[in-house]
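Open your viewer and get ready to click through a short tour. We will go from stop to stop, selecting as we go.

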Amino acid sequence: MMPENRCSSCGVVMKRKGAAVFKCPVCGEGTIGRCAQCRDQSVPYRCEACGFEGP
Ligand SMILES: [Zn+2]
Ligand SMILES: [Zn+2]
């Protein structure tokens, strides 16, 4: 299963505009996505690889 660029917080499929995708700062393996809305509202995200939660 190929992971789409989904927001890690709300699960929406992200459009490129305003969205951010980055590797987990802790384990460097999990890919974390944040849609524009969750970025704007500072919704916490969770790394699926190591369970790290952060803003
Ligand atoms: Zn979101
Ligand atoms: Zn991680």
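Which arrangement do the 4 donor atoms give the site of the zinc ion (ligand 1)? The site is tetrahedral, with angles of 105 to 115° among those donors; for four donors, that label requires all angles to lie between 85 and 135 degrees.

Before you select anything, note that this is a predicted model in which local features need pLDDT of at least 70, side-chain atom pairs count only at pLDDT 80 or more, and totals for chains, interfaces and linings use all residues. Residues are numbered from 1 along each chain as its sequence is written, chains are lettered from A and ligands numbered from 1 in the order in which they are written, and side-chain values use heavy atoms, leaving out hydrogens and water.

**First stop.** Select ligand 1 with Cys7, Cys10, Cys35 and Cys38, whose SG atoms coordinate the zinc ion at 2.2 to 2.3 Å. Donors here are N, O and S atoms within 2.8 Å of the metal (3.2 Å for Na, K and Ca); water is not among the atoms, so sites may look incomplete. Along the chain the spacing is C-x2-C-x24-C-x2-C. Cys7 is buried at 3% relative accessibility, while Cys10 is partly exposed at 46% (buried is under 20%, exposed over 50%, partly exposed in between; 1.4 Å probe, protein chains only).

**Next stop.** Move to ligand 2, a zinc ion with the SG atoms of Cys24, Cys27, Cys47 and Cys50 lying 2.3 Å from it. Its donor residues are spaced C-x2-C-x19-C-x2-C. Cys47 is buried at 0%, and Cys50 is partly exposed at 37%.

**Last stop.** Show Glu53 and Arg46, whose side chains form a salt bridge at 3.9 Å, N to O (a side-chain nitrogen of Lys or Arg within 4 Å of a carboxyl oxygen of Asp or Glu).

How values were computed:
Four donors count as tetrahedral if all angles lie between 85 and 135 degrees; four count as square planar and six as octahedral if opposite donors are over 155 degrees apart and all others between 65 and 115; anything else is irregular.
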